[in-house]
Amino acid sequence: MTHPPVCNYEGSDYQQSFWEQGGREYEDRAEAIALKRMLPKAGSLMLELGAGAGRNTPRYAGFERIVVLDYSTTQLAQAQERLGRSEKYIYVAADVYRLPFRDRLFDSATMIRVLHHMADAPKALAQVRNILQPGGVFILEFANKLNIKAILRYLLGRQAWSPFTLEPVEFVELNFDFHPKAVRQWLGSLGFSVEKTLTVSHFRLGLLKRLIPAKILAALDGLFQPTGALWQFTPSVFVKAKVDGDQSTGEIPVNVLQFFKCPDCGEKNLVEKESHLFCPNCQAKWQARDGIYDFRESIK
Ligand SMILES: C[S@@+](CC[C@H](N)C(=O)[O-])C[C@H]1O[C@@H](n2cnc3c(N)ncnc32)[C@H](O)[C@@H]1O
């Protein structure tokens, strides 16, 4: 089966160059405010999709356990350094399009700055829907093609693509911006109900960021975020969606092994071996090394 291409962060210094030295304290703080407004106070098992170096993971502290998932093992190694190895964090290398989890396992999931890299966004969202329980919460951030800058550039003839049409725009290879209405439609057709929309990064302008301390600018952003319920013209949009149906009372397994299914054949009873998980159905072997379960390619 073919899958959409993955934007590869293996070996990338993204956390350092983009966040720590990239002058993005304002955006990070504004995201923290939005997440706080959307996250359930507590929960059992959270899946963080495309967690990168775990920048946001400490913000999910109210959850008993958190599966930190990324395609890149070097990003996961950085996340491990930040968060440590403990029962609370389970590190998984896997492709969003091919998740190695049993259906309806998680009570919450987040996907922040990741849809941005999805060539087939509805397919990625469908995978998230499968692993969430009824009543489960999904917090999704996406890059908005209908942002003020893109609208102005288009109206002034400086940009060929229209920000008003529903299809995604790929402005750099494997980097996509989405129309808020398209995202709502995809979520709705998958059985999610959008409960809250916040617009984030209203003041993403070099001059403002230089003049006003990040903390103050982020607080101001926080004041404007709820206008997302009315209109969305910021570069970043956060959506809180719930899976239709009553909150599940299903128990979360204590044993991590029972979280997984074989991403090749769907077999649920993987067998733990010394350095891998073995699928008794299709004989696939999934490496488990350095505290990371790796479900990208079978080592058979
Ligand atoms: C822009 S970074 C965001 C990281 C983190 N969410 C944050 O906001 O700091 C995008 C992350 O998505 C991961 N990613 C991209 N495509 C993926 C895929 N198909 N499956 C799993 N992870 C993916 C990348 O490895 C990268 O770590």
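Which residues does Met111 touch, not counting residues up to four places away in sequence? In this predicted model, Met111 touches Leu49, Gly50, Val128, Leu140 and Glu141. Met111 is found in strand E4. Leu140, one of its contacts, lies 29 residues from Met111 in sequence, yet the two C-alpha atoms are 5.0 Å apart in space. Met111 has 23 other C-beta atoms within 10 Å. The cut-off for a buried residue is 20 or more, so Met111 counts as buried.

The strand that holds Met111 belongs to an open sheet of 11 strands. Their order is E8-E9-E5-E4-E1-E2-E3-E13-E12-E11-E10, and the pairing is mixed. Strand E8 (192–200) and strand E10 (271–272) form the edges. Each of these edge strands pairs on one side only. Strands of a sheet pair through backbone hydrogen bonds, either parallel or antiparallel. Strand E1 (residues 43–49) pairs with strand E2 (residues 63–70) in the parallel sense, over 6 bridges. Within this part of the sheet, Met46 stands opposite Ile66 in E2.

Helices also pack on the sheet. Helix H3 (residues 73–83) touches E2, strand E3 (89–93) and strand E13 (292–294). The direction of H3 makes about 170° with that of E3. Helix H4 (residues 121–131) packs on the sheet as well. H4 touches E1, strand E4 (106–111), strand E5 (132–143), E8 and strand E9 (236–243). The direction of H4 makes about 150° with that of E5.

Technical notes:
Residues numbered from 1 in each chain as written. Predicted model: local features only at pLDDT ≥ 70, side-chain atom pairs only at ≥ 80, totals over all residues. Pairing = 2+ DSSP bridges. Helix = DSSP H or I, 4+ residues; strand = E, 2+ residues; numbered from the N terminus. Contact = placed C-beta atoms within 7 Å. Axes fitted to C-alpha atoms, helices over the stretch in contact; angles between N-to-C directions. Buried ≥ 20, exposed ≤ 12 C-beta atoms within 10 Å, placed from the backbone.
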